[in-house]
Structure formats: C-alpha cells, structure tokens
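Here's a quick tour to read with the model open beside you. Keep the viewer handy and follow along.

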Amino acid sequence: AEKPKVVILATGGTIAGTGNTSTTTVGYTAAKIGVDALIAAVPELSKVADVSGEQVFQIASESMTNDHWLKLAKKVNETLKRKDVDGVVITHGTDTIEETAYFLNLVVKSNKPVVIVGAMRPATAISADGPINLYNAVALAGSKEAIGQGVLVALNDEIQGARDVVKTNTMTTNTFRSPELGSLGYIVSGKPNFYRASTRKHTSNTEFDVSKLDSLPAVNIAYGSANANTLAIDAFAAAGDVGIVYAGTGNGSLAAPVRARLTELRQKGIHINRSSRISNGPTIRNGENNDDKTDFTVADTLSPQKARILLMLALTKTKDSQEIQRMFYTY
Ligand SMILES: NC(=O)C[C@H](N)C(=O)O
C-alpha cells in the first residue's frame, strides 16, 4: 500500500537541542538542530510515511508569540490544503506546546491529522526521547485513526488532546497529562490506539478564521494569591489590553480589591475572564462571584494560559460577554 505523506514543520525546542555532553539534561541549548538532521536521525520514519521537512522557526518555545502562532496556523492550513499531504507534524518546545496545540485546535480548517511533538531531553542526551516521540508523531499523523480528532500532542507513547493537555512536571519525560479528563490513547509500536475523544468542538467545526488576521487582540494574565493587589491589572489596562484573564484562587475567586478594580475595568469596556490557578476542575459561573452582575465570563476547565487564547480569538468575533461565555462552553 502507498505510504501516507506527512510534512514535518519544525519550530525548535529541546527536541532540536544540544548539550555539551551525553549526560547533559539541563543547561543545554534548545533549537540548534535543523529539521533535516531531525529526520535523518530517525531512519525508521520511512517505514510509516513519506516525510518531508520545513523549518518554520528555530526558537525555544518560551519565546513563542501570537505572531508566531498566526504564521504557523497559516502555514499548517496551507500545507493541509495540498492534495499530496495526509498529515502534519509540528516539532515544538514543550514549555508552551499545550498553548500552540490549543490555538491550532481552534483555527486549523481541516480534518487531516495535526500532531505536535517535543522532547524533554536534548538530542545529544543518552536515552533522548526526541527520536521515539518523532517516530510516534509521524505514525500518528499518517494514521486514519487520527483524522478528525483535533490537534494532538504525542510524547511518551501517549496521545493527548490539545484542549486538556498540560505540562505537569518541569523535567520528567512523562510530563504531559490531561489531568482527570484523561489522555486519548497510546501509540504502541507505531500503531495509535484511541480510547476516547474530546466532546468539545475543534478544527473544521469552529467559528474562528485567522486567514486575514495579522495580529490578535491584547490579552494578558494576572495571577491571584494572598495579599493580592491591582498593580498588574492596572498596568495591563494602562497598556491598552482589551481583555484580562485573571488566574484566581480556588474557584476563580478574587480578592476584594482585585474584584472591585476588575469590575471598574469591565465597565470601561475591558473584557474580564475568571479562571483558576488550580489545575483541576471548572471555574464556575455565579458561585461566590456574581458574574451576571459584574459581566465577567468564566474559563470553565481551561487553564489561564488556554483561556487567554480563547478570549483573544473570541474578541476577534464579538464584544458581547454572553457570546464569549457561550464560546467558553463550546471549545
Ligand atoms: N523541553 C523543552 O522543549 C523546553 C524548552 N525550554 C522549550 O520549550 O523550548
């Protein structure tokens, strides 16, 4: 049978990183190796797909920006439109992999597989995880099973959905988890096994279109703690942010002075989304906070960093809080 055609779009990260010695697993340099060398290091790729590579960026993913995302999304959409392409793999740093995955999950206009992959150990390390992760990602991107599943993250033999995946450990290779809601499946000897699917809309079924956008609305995240003050949110408002995601304590709860100032900022037209600094459970509307009265929205189970993405995209479509809240329950 003919092999699937998979394009690897490389963006940098530790998967393309090099250290001084084979035992260097911290203090290495990310984003050093080009896409051709990444592919050449895994000759087994040719068993599962016809692969070609393209270097899109060469950065550590902590430096990923909205502009990078818009360029990458356009590149992915362009690539997936090609009749001679069955799926795309994106190599990426792990620090913001979950954010890029969720952004693409909302703006890719295709049912063809998109798989994002990274590594926790640099390419030069003993037992580097990059090569097996890349092999699994290519196998997944070329599979029939991955069609229509939304953007997927594949590391450590696991398949995670873009919406729910989180980096949960700063250094281990099993860092990617979808806490409580669960991973989607496993890749066993290059064969994907799916056990569940996301019920939230994604890719071809969203209302977002970035094809004509060259920037995204300014939205930043402020973080709640004991002794919270309004310095960060005041600075965001002064800088012209049109939205603020507040990573509140507990169920997105807000310290009294923070709540008062956010209420004023909402009245001035800035959109306020309550999320939680807790990594599990939904931020619920109208709990201790009367969101109907303050006209805030809540993030549901999205982390603050993913709520920022959805709020930016929502603000490209509407300024209406009820509409935005609907989107938070849809995607
Ligand atoms: N493991 C990694 O890829 C971390 C690196 N700082 C990055 O995100 O690019």
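## Domains on record

An unreviewed UniProt entry puts the feature "domain: L-asparaginase N-terminal" at residues 5–198. UniProt positions follow the numbering used here, with feature names shortened, and annotations may be inferred rather than shown by experiment. Over that stretch the chain is 25% helix and 24% strand, and the end C-alpha atoms sit 25 Å apart. Helices (H or I, at least four residues) and strands (E, at least two) are DSSP runs, numbered from the N terminus.

The unreviewed entry also lists "domain: Asparaginase/glutaminase C-terminal" at residues 219–328. That span is 40% helix and 17% strand, with its end C-alpha atoms 16 Å apart.

A word on ground rules: this is a predicted model, where local features need pLDDT of at least 70, side-chain atom pairs count only at pLDDT 80 or more, and totals for chains, interfaces and linings use all residues. Residues are numbered from 1 along each chain as its sequence is written.

UniProt's unreviewed entry gives Ser 61, Thr 94 and Asp 95 as "binding site". These span 35 residues in sequence, yet no two of their C-alpha atoms are more than 6.7 Å apart, so they gather at one spot. Ser 61 is in the loop between strand 2 (50–59) and helix 3.

## Helix 3 against helix 4

Helix 3 (residues 66–81) and helix 4 (residues 97–107) have axes that come within 10 Å and cross at roughly 50°. Axes are lines fitted to C-alpha atoms, for helices over the stretch in contact, with angles from 0 to 180 degrees between N-to-C directions. That makes helix 3 oblique to helix 4; angles under 35 degrees count as roughly parallel, over 145 as roughly antiparallel, 65 to 115 as roughly perpendicular and the rest as oblique.

Trp 69, Ala 73 and Val 76 of helix 3 meet Thr 100, Phe 103, Leu 104 and Val 107 of helix 4 (contact puts C-beta atoms, placed from the backbone, within 7 Å). This contact has six nonpolar residues, one polar and no charged.

Terms used
Contact = placed C-beta atoms within 7 Å. Nonpolar A, V, L, I, M, F, W, Y, C, P; charged D, E, K, R; others polar.
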